[in-house]
Structures are given as C-alpha cells and as structure tokens.
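Hello,

Here is the structure I promised to pass on to you. Please have a look at it first, and then read my notes below.

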Amino acid sequence: MTEQNDTPLAGVKRRIMRRGRPELYTRYASDQALLNTPGKRSGVGLLLLLALALPFLVSRDITSLMATAFIFAIGAIGLNLVTGYAGQVSLGHAFFVGLGAYTAAFVGTPASGSLRGLGLEMWAWLPAAGLVAALVGFLVAPLAARVRGLYLAILTLGLVFIGEHLFKELRSFTGGPGIGRRAAAPVLFGFDFNAPQTVLGIDLTASQLYYVFSLVMLVLFAIGARNLARSKMGRAFAAVRDRDIAAEVMGVQLTKTKVLAFTVSSFYAGVCGGLLAVTYGQPTPENFNLNLSVIFLAMILVGGVATISGAITGAVVIQMLPRFVQWLSEFVPGISRSSQGGVISVDQLEGILFGVLIVVFLVIEPRGLFGLWLRIRNYWKAWPFSY
C-alpha cells in the first residue's frame, strides 16, 4: 500500500490538490463526503461560530425569534425531504406538527383536572412526539403513495382539516379550542433548558440557553437529513422525484420509497411540533391550521427546494419577516402599526411581502435563495470570463 502511494501518479495528485484543485476527487468517498471542499468546511465553521456568538450580540427578542426559526427549520427540513427530495407535494405538514405538539404535551405534563398526562421529562416526550407523528405518517403514506401531483396535494390537505377537528374535539388531550394546554417543559434529567443556567462557567439567560439548545437540535437533525439525502435511499428519493416510472424500471421500489419519505418527514414534523409548543407556551388547535402548512411550504420555496441549507435559510427569512416589516415601519412613512391610520398596516404589508416572496422565487428563481447563491458563486469562480 505504501509503494502505491509513492508512485509518480500519486505524487502528481498530491501536488494538484495542494495547488488549489479541491474538487478533483480520486475516490467516491471523497466526492460523497459531508463537507467535501475546504470552502464548505470553513464556511460551515464560520457560520456555526457566528450562530453561537449571536445571542450575546443581539437583543433578547431577536434571540427568541432566531431560536423559533431554528425549530421551524427542523420542520422545514422534514417537508423538504418529502417534497423537495422525493417529489411528493404535501400540504398536511401542520397536522403532523400539531400531532407532535400535543403528544409532547400529553407525555410531558402531568394530569390536571380533565386533562390527561404522564408528566415525564424531555427524554420521553421529545422522541414520543416524533415517533407518534412518524407512526401516523407511516399509516397514511400507503394511501398517499397511490396518487401524485394535485391529487396528492389535495389528499394531504384533507389531513389538516381532519387534524383541526380532532384537536378541537379531543379536549382531554388538547384542552380544546381557544384554551389549549400547557406545553411540556424542556427539562432533561433535572436540567431546565428554559431557565437561566451556568454552562461551562458562562452565565446564560433563559432565552440564550434555549437558543443554544435549538441550534444544537437543528445541527443534529440537519446532519441526519443530509446523510439520508446522500445515501442510497436519498438517491432513490431523487429518482422517484425526477421520473418515477424510470426509477421503478431500474429497481427502485416506489411504494417503499414514498412511505419512507413520508415517515421520516412526519418524524421531523413531530419533533418540530414538540419544540414549537414550548415556544408557544400554551398551544391551541388554532396554531396548527392550513396557514402553518403554507408557511412551511413557503420556507422551502424561498430557501431552496431539495437543499438542507435552503430549508434553514428559508425558515430564518420567513420567521424574521415580521420583525423586518416592523423595522421598516419606523423609516417608511405611511406604514402604520395599527389597523387604523396610515396607508397600509404592518400586518397587511407582511402578508403582501409573504406572497410576493413566494411568487418571485417560483417565477424568477425556482431554486430559491440557494439558487441565487449558486449563481453568485459560479459567477465569481469564472470571473472575469463570461463563459
């Protein structure tokens, strides 16, 4: 083995790699690596350092908004797995998010009055939130695998309305409409992630600690999704998305692939729902309606379909949109923070910008912000040449 590495050809390869050819791969393992270029490794490292430093540089409300965005990003990654990678358009994501939220509340809060509960810590309610949603997704997936396109979208849309009815009527589990029930506490073996703590000698406020916890959870789930996408099953997802008949001819089992995509997506949605309920504090059935499904769909459309980083970017952009509109109202005349007075209210402008973002990215850049980044990167890689 040592003699082979010392051959002239091996020496040429090493010199080429040292002289700035990071994308020249000599092994399939190098090409399929999680971070396969120095630029990706340094870029991700800088982003993680910036994300860890952010709660110490910005205000408390921005920290809380970013923590919520990270939680939404987990759900957006799940939707991207089934819609972006596997090509199965789903409008029922809010149902699985709500299912995860109320499963976490049932397992994580004790019984009180007419409400049922088990009162277990996060080691129990967080996996339960994902597993129950995944189980329901596994049961629904064979039906969804029989249709595609518009019919699939309508089928999954029906799940949202079924979920709304169930969440309103099962009062012993959900608390009922307009009331809800207290969310499970993020406590793991006595350590409360939603209270001021001292970690490694650093005093963290409740919002800072929950921000770090949300960031860690997002990184873990993003790595898991990225590994799935670059695995054999991930390539099967892409084959089904691009041409399902050709994929079946090549040996891909369509039903099995679609069921797995729905199941994994539902698991991500359930975990997102359990953590999102902690953010809401007292989730109600009205929190998990069609509007939430549209928000998740907008996240992957704006950020980039079939990309993990796009789902994260889209979640951050959509979650920070209300804050941006409020900031804009301080400088642009005619924007009122109330429904009365001014040319347009903050809520109206937010709804308009939300719709404009979806339309613009669907028409001009279907690959979302990730596609814009690719264009900019490729331009500067080829600069000053135009070809």
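What follows is a short tour of a few helices, a hairpin and one serine.

First, some ground rules. This is a predicted model, in which local features need pLDDT of at least 70 and side-chain atom pairs count only at pLDDT 80 or more, while totals for chains, interfaces and linings use all residues. Residues are numbered from 1 along each chain as its sequence is written, and side-chain values use heavy atoms, with hydrogens and water left out. Helices (H or I, at least four residues) and strands (E, at least two) are DSSP runs, numbered from the N terminus.

Let's start with the hairpin. Strand 1 (residues 110-112) and strand 2 pair in the antiparallel sense over two bridges; pairing requires that DSSP finds at least two bridges between the strands. Ser112 stands opposite Leu115 in strand 2. Two residues lie between the strands, and Gly113 has a positive phi near 65 degrees.

Next come two helix pairs. The axes of helix 11 (residues 232-242) and helix 13 (residues 254-280) come within 10 Å and cross at roughly 110 degrees. That makes helix 11 roughly perpendicular to helix 13. Axes are lines fitted to C-alpha atoms, for helices over the stretch in contact, and angles run from 0 to 180 degrees between N-to-C directions. Angles under 35 degrees count as roughly parallel, over 145 as roughly antiparallel, 65 to 115 as roughly perpendicular and the rest as oblique. On the helix 11 side, the contact (heavy atoms within 4.5 Å) is made by Met233, Ala236, Phe237 and Val240.

Helix 5 (residues 60-85) and helix 14 pack at about 75 degrees, with axes 9 Å apart, and are therefore roughly perpendicular too. Among the residues that meet there are Phe72 and Gly75 of helix 5, and Leu292 and Phe296 of helix 14.

Finally, which residues does Ser266 touch? This serine sits in helix 13 and is buried, with a relative accessible area of 2%. Leaving aside residues up to four places away in sequence, Ser266 touches Phe96, Gly130, Ala133, Ala134 and Gly137.

Enjoy exploring!

Best wishes

Methods
Buried means under 20% relative accessible area, exposed over 50%, partly exposed in between (1.4 Å probe, protein chains only).
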